[in-house]
Amino acid sequence: MTARATFLDRDGFIDEMVYYADPGVVDSPFTPKQFELVEGIGPALRAIKAAGYKLVLVSNQPGMAKKHLTFATFRKIRAKMRRLLAAEGVELDGEYYCFHHPQAKLAKYRVDCDCRKPKPGMLLQAARDLGLDLAHSIMIGDGLNDVIAGKRAGCKTILVANLNSLLSEKMDETGTRPDFVARNVTEAADIVKNNLMEIQTR
Ligand SMILES: [Zn+2]
């Protein structure tokens, strides 16, 4: 029997997005100091793990390609993430990152790759590496790209978001329908637990 996993988005799900007032955009943290866990993520991930799912991070990180940060800084941010999660009793089973961007300033990352979500490359690679049963795995994230990548990989999907008219417009435009919508990480963990019970009683 193969393992099942939850594929986890990083920025906006595990850690808070950052508002940059100067260009007026919301983006990933570019410094370790900006990296803070989302409220409730520790207990949520512990509950998901206890329900029998591996925790596999799948994250687009085009910040180096766009020259927002260096790899040295990325490594420090990653170390902080692992330290904060460990303090919550959470250890990830896998971490997959896409560093590419089609309009990268750095030529070596200017690639139309197969790993950048909404493409499913990172999920498929993780499935090969970790022996995962994709049909019984779940992609969880705060963006429609997460939902699309999850569906393309054949997983169930949970969108963590507050539904509003803008989001439902985007869902209509892209024809994207998550299997579940959760308002926060705690609700997402509850859905994972309940979904598991459903599968077991079948
Ligand atoms: Zn990529």
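Which strands does helix H3 (residues 121–130) lie across? In the predicted model, in which local features need pLDDT of at least 70 and side-chain atom pairs count only at pLDDT 80 or more, totals for chains, interfaces and linings use all residues. Residues are numbered from 1 along each chain as its sequence is written.

The protein chain comprises 6 helices and 8 strands, these being DSSP runs numbered from the N terminus (helices H or I, at least four residues; strands E, at least two). Of the 202 residues, 37% are buried, a residue being buried if 20 or more other C-beta atoms, placed from the backbone, lie within 10 Å of its own.

An open sheet of 6 strands shows parallel pairing in the order S5-S4-S1-S6-S7-S8, where two strands pair if DSSP finds at least two bridges between them. Strands S5 (94–98) and S8 (180–182) stand at the edges with a single partner strand each, so one side of each lacks a neighbour in the sheet. From one strand to the next, the twist averages 20 degrees. Strand S1 (residues 4–8) runs parallel to strand S6 (residues 138–141), to which 3 bridges join it; threonine 6 has isoleucine 138 as its bridge partner in S6.

Helix H3 lies across S1, strand S4 (53–60), S5 and S6, and runs at about 150 degrees to S5. Axes are lines fitted to C-alpha atoms, for helices over the stretch in contact (C-beta atoms, placed from the backbone, within 7 Å), and angles run from 0 to 180 degrees between N-to-C directions.

Technical notes:
A residue is buried if 20 or more other C-beta atoms lie within 10 Å of its own, exposed if 12 or fewer, and partly exposed in between; C-beta atoms are placed from the backbone. Two residues are in contact if their C-beta atoms, placed from the backbone, lie within 7 Å.
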